[in-house]
Amino acid sequence: MTYFHMLEPSAFDESTSSIRSVQSEVDDYDALDDAFWWDHGYRHLPDQLHIAPGDRVLDVGCRTGKSARWLANAHRAQVLGTDPSPAMIRTAEERPTLGVRYRRTPRGSLRGIPDSSADAAYAGFVVSCEFLDPLVEQLFSEVLRVLRPGSRFTVLDVNPSAVGIHFPGIVYGQLGRTARPGEMVPLSLQRRDGTWTRSRRLHRPLGSVRGMLESAGFTVDRIDIPLVRTLVLSSRQPAEHAPFYLLTSRT
């Protein structure tokens, strides 16, 4: 099996990275009840990306490598996971899987990964975590660089229209309050033990993400917003809502 060829890593001081990931952050991430994300988000990726056995797939923002390992095991892909967090990469490497490799890269960069070396790429819940537009734009340009011509890139993230809706294990924003573009919005995530953890995400409309992809040189093929049955906290009545979006483009 032919793996990604990676250039020799350029040394850079961890202290220069603005991401300060410690083991407690990794442990908290691993403790999340993520079944809902998988059922209604990640499981769509192989179809979106047209992944075939042996394809070289780039996982941008791989965290502890769960989706990378899944793609390698279930779809026989060769996966390279990248993340700016040293702790996330160390944890991912402690769970070796045939066909999966990891590399730490700075925010907004895919340093050391050669041009046209990947057949497909995806970024799962990365765009809403990066608060600086120039770094998102730079990252999209880097993804375009490492993808071969004619390949596909999917952005999977929280649906910006799902503010205040209670999905299993995830609540984005505050009930009854409309988020503005560029606003920091609370995101509550449930752990497997039933407790909740809270963080923040930058509210970016879909049109904004699409515009950044197109500015980087991608052609947007499709926007999918899978619907699920859930409850609105204000009424407790079941209705169809979309927790996530998948925005797929091609080089």
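Biologist: Which strands each supply at least two residues of the lining of the second largest cavity?

Modeller: Those are strand S5 (147–158) and strand S9 (196–202). Please keep in mind that we are looking at a predicted model.

Biologist: Which residues line the second largest cavity?

Modeller: Among them are Asp157, Val158, Arg201 and Leu202, together with Tyr172, His203 and Tyr245. By class, this lining divides into 7 nonpolar, 2 polar and 3 charged residues. The volume of the second largest cavity is about 80 Å³.

Biologist: What makes a space a cavity rather than a pocket?

Modeller: A 1.4 Å probe fits into a cavity but cannot get out, whereas a pocket is an open set of points. The largest cavity holds about 90 Å³ of space.

Biologist: Which residues lie nearest the centre of the largest cavity?

Modeller: Tyr29, Tyr42, Cys62, Lys66 and Ser67 do, out of 13 lining residues. Two or more lining residues come from each of helix H2 (35–40), helix H4 (66–75) and strand S4 (118–124). Its lining has 6 nonpolar, 3 polar and 4 charged residues.

Biologist: And the open spaces? What volume does the largest pocket have?

Modeller: The largest pocket has a volume of about 1000 Å³. It is lined by 41 residues, and Glu25, Arg63, Phe125, Cys129 and Arg201 are the closest to its centre.

Biologist: Which element gives the most to the lining of the largest pocket?

Modeller: That is S9, with 5 residues. Other elements that supply at least two residues include helix H1 (23–30), strand S2 (78–83) and helix H6 (133–146). Sorted by class, the pocket lining has 22 nonpolar, 10 polar and 9 charged residues.

Biologist: Let's turn to the aromatic rings. Why is the pair of Trp38 and Trp70 called edge-to-face?

Modeller: Let's take it in two steps. Rings pair if their centres lie within 6.5 Å, and the centres of these two are 5.2 Å apart. The same rule gives a count of 9 aromatic pairs.

Biologist: What makes this pair a tie between parts of the chain?

Modeller: Trp38 belongs to helix H2 and Trp70 to helix H4, so the pair ties together parts that are 32 residues apart in sequence.

Biologist: Why is Trp38 called buried, and why is Trp70 called partly exposed?

Modeller: Buried means under 20% relative accessible area, exposed means over 50%, and partly exposed is in between. Trp38 has 14%, so it is buried. Trp70 has 24%, so it is partly exposed.

Biologist: How do you know that Phe125 and Phe244 form an edge-to-face pair?

Modeller: The cut-offs are again 6.5 Å for the centres and 60 degrees for the planes. Phe125 and Phe244 are 5.3 Å apart centre to centre, with 80° between the planes, and the pair is edge-to-face. This pair links distant parts of the chain, as Phe125 is in the loop between S4 and H6 and Phe244 is in strand S13 (residues 244–250), 119 residues apart.

Biologist: Which residues do ring pairs link into a cluster?

Modeller: Phe36, Trp37, Trp38, Tyr42, Trp70, Phe125, Phe167 and Phe244.

Biologist: Phe125 keeps coming up. Why does Phe125 count as buried?

Modeller: Its relative accessibility is 9%, and buried means under 20%, so Phe125 counts as buried.

Biologist: What is the phi of Phe125?

Modeller: Phe125 has a positive phi of about 55°, although it is not a glycine. For background, most residues other than glycine have a negative phi. Ser116 also has a positive value, near 55°, and lies in the loop between strand S3 (100–104) and S4.

Biologist: To finish, how many helices and strands are in the chain?

Modeller: The chain has 7 helices and 13 strands. Of its 251 residues, 54% count as buried. Among contacts with a separation of 6 or more, 67% are between residues 24 or more positions apart.

How values were computed. Residues numbered from 1 in each chain as written. Predicted model: local features only at pLDDT ≥ 70, side-chain atom pairs only at ≥ 80, totals over all residues. Heavy atoms only, no water. 1 Å grid on protein atoms, 1.4 Å probe; cavity = no way out; pocket = protein on both sides within 12 Å on 5 of 7 lines; lining within 4 Å. Points joined across faces, edges and corners; volume = space filled by probe spheres on them. Helix = DSSP H or I, 4+ residues; strand = E, 2+ residues; numbered from the N terminus. Nonpolar A, V, L, I, M, F, W, Y, C, P; charged D, E, K, R; others polar. Phe/Tyr/Trp six-rings, centres within 6.5 Å; stacked < 30°, edge-to-face > 60°. Buried < 20%, exposed > 50% of the residue type's maximum accessible area, 1.4 Å probe, protein only. Contact = heavy atoms within 4.5 Å.
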